[in-house]
Amino acid sequence: MINPSAPVTAGTLSSENQTWLQVSGVVETLDPHRMEHRAKLIGIACDITSVAKRYRKIHDGLFGFSVRKIVMAAQPGKLTDLASLEAELDSIDAETKRIQRTFGDADFNDLPKRAKMSIAIRDALVEYTEALVSSAGKLSLICSNLRREQEGEIAFAHYSSHQLRQDKAVYDASVQEFRRWGTRLRELFDKF
């Protein structure tokens, strides 16, 4: 923690084009290239967090406990609009894959070995993003199958009584992986 009353000085090393900062006697070099990577990491983290919030809203809407769901269950004519949930999950999938491509565009494979925290965050972001794609895809499949059952397709006539339990178990495992990487990212960003 930085002491707010500690003397702070800063300057530029003209020969190396680097900025340095001294707080409480500790000097840290602020490499512009490293700062650029940090800024990109934070930008990607913000983008993926926004997409993850959309996903969690759908997850909570389908599987979370709420009084609204109990009231809706008592009204058999009011069914969840699974087609719109599928469309939103497809949008989430496309946006997440776009974010995954930014890792290749941002030169994150050439980070210097001394940037251990940036490398750890990059790797955790990659895993978190993959876990989000996996979870959203599995939830989309469940929504699709439930929609087909609601529409009366013969092949899905007993989906909710037979196959849904197995699909939900696979989905739950992917959600746990997604949450595990989310926790890891929070820990890393706390240290960042």
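Predicted model: local features only at pLDDT ≥ 70, side-chain atom pairs only at ≥ 80, totals over all residues.

Biologist: Which helix is Ser 174 in?

Modeller: Ser 174 sits in helix H5.

Biologist: And what does Ser 174 touch, leaving aside its neighbours within four places in sequence?

Modeller: Ser 134, Ser 135 and Lys 138 are its contacts once those neighbours are set aside.

Biologist: Let's stay on H5. Which other residues there are buried?

Modeller: Besides Ser 174, the buried residues of H5 are Asp 167, Tyr 171, Val 175, Phe 178, Trp 181, Gly 182, Leu 185 and Leu 188.

Biologist: How far does H5 reach from its first C-alpha to its last?

Modeller: H5 has 29 residues and reaches 43 Å, close to the 42 Å expected at 1.5 Å a residue.

Biologist: OK, on to the helix pair. At what angle do H4 and H5 pack?

Modeller: H4 covers residues 116-150 and H5 covers residues 163-191; they pack at about 155°, and their axes are 8 Å apart. That makes the two helices roughly antiparallel, because the cut-off for that label is an angle over 145 degrees.

Biologist: Is the crossing left-handed or right-handed?

Modeller: H4 and H5 cross in a left-handed way. By class, their contact has 20 nonpolar residues, along with 5 polar and 7 charged ones.

Biologist: What about the span of H4, how does that compare with what you'd expect?

Modeller: The 35 residues of H4 should span 51 Å at 1.5 Å a residue, and the end C-alpha atoms are 51 Å apart, so the two agree.

Biologist: Back inside H4, then. Is Ile 142 buried or exposed?

Modeller: Ile 142, which lies in H4, is buried, with a relative accessible area of 1%. Not counting residues up to four places away in sequence, Ile 142 touches Tyr 159, Leu 164, Asp 167, Lys 168 and Tyr 171.

Biologist: How far apart are Ile 142 and Lys 168?

Modeller: In sequence, Ile 142 and Lys 168 are 26 residues apart, and in space they are 7.7 Å apart, C-alpha to C-alpha.

Biologist: Switching to H1. What does His 59 touch?

Modeller: His 59 is in H1, residues 32-63, and is buried at 11% relative accessible area. Residues up to four places away aside, His 59 touches Gly 64, Leu 139, Tyr 171, Val 175 and Arg 179. Tyr 171 also turned up in the list for Ile 142, and both Tyr 171 and Val 175 are among the buried residues of H5.

Biologist: And Thr 49, buried or partly exposed?

Modeller: Thr 49 is another residue of H1, and its 33% relative accessibility counts as partly exposed. Thr 49 and Gly 182 are 133 residues apart in sequence, but 9.4 Å apart in space, C-alpha to C-alpha.

Biologist: Let's zoom out. How many helices and strands does the chain have?

Modeller: The chain has 5 helices and 3 strands, in the order β-β-β-α-α-α-α-α along the sequence.

Biologist: What percentage of the chain counts as buried?

Modeller: 31% of its 192 residues. As for contacts with a separation of 6 or more, residues 24 or more positions apart account for 65% of them.

Terms used. Residues numbered from 1 in each chain as written. Heavy atoms only, no water. Axes fitted to C-alpha atoms, helices over the stretch in contact; angles between N-to-C directions. Helix = DSSP H or I, 4+ residues; strand = E, 2+ residues; numbered from the N terminus. Parallel < 35°, antiparallel > 145°, perpendicular 65-115°, else oblique. Left-handed = near helix turned anticlockwise from the far one by under 90°. Nonpolar A, V, L, I, M, F, W, Y, C, P; charged D, E, K, R; others polar. Buried < 20%, exposed > 50% of the residue type's maximum accessible area, 1.4 Å probe, protein only. Contact = heavy atoms within 4.5 Å. Expected span 1.5 Å × (residues − 1).
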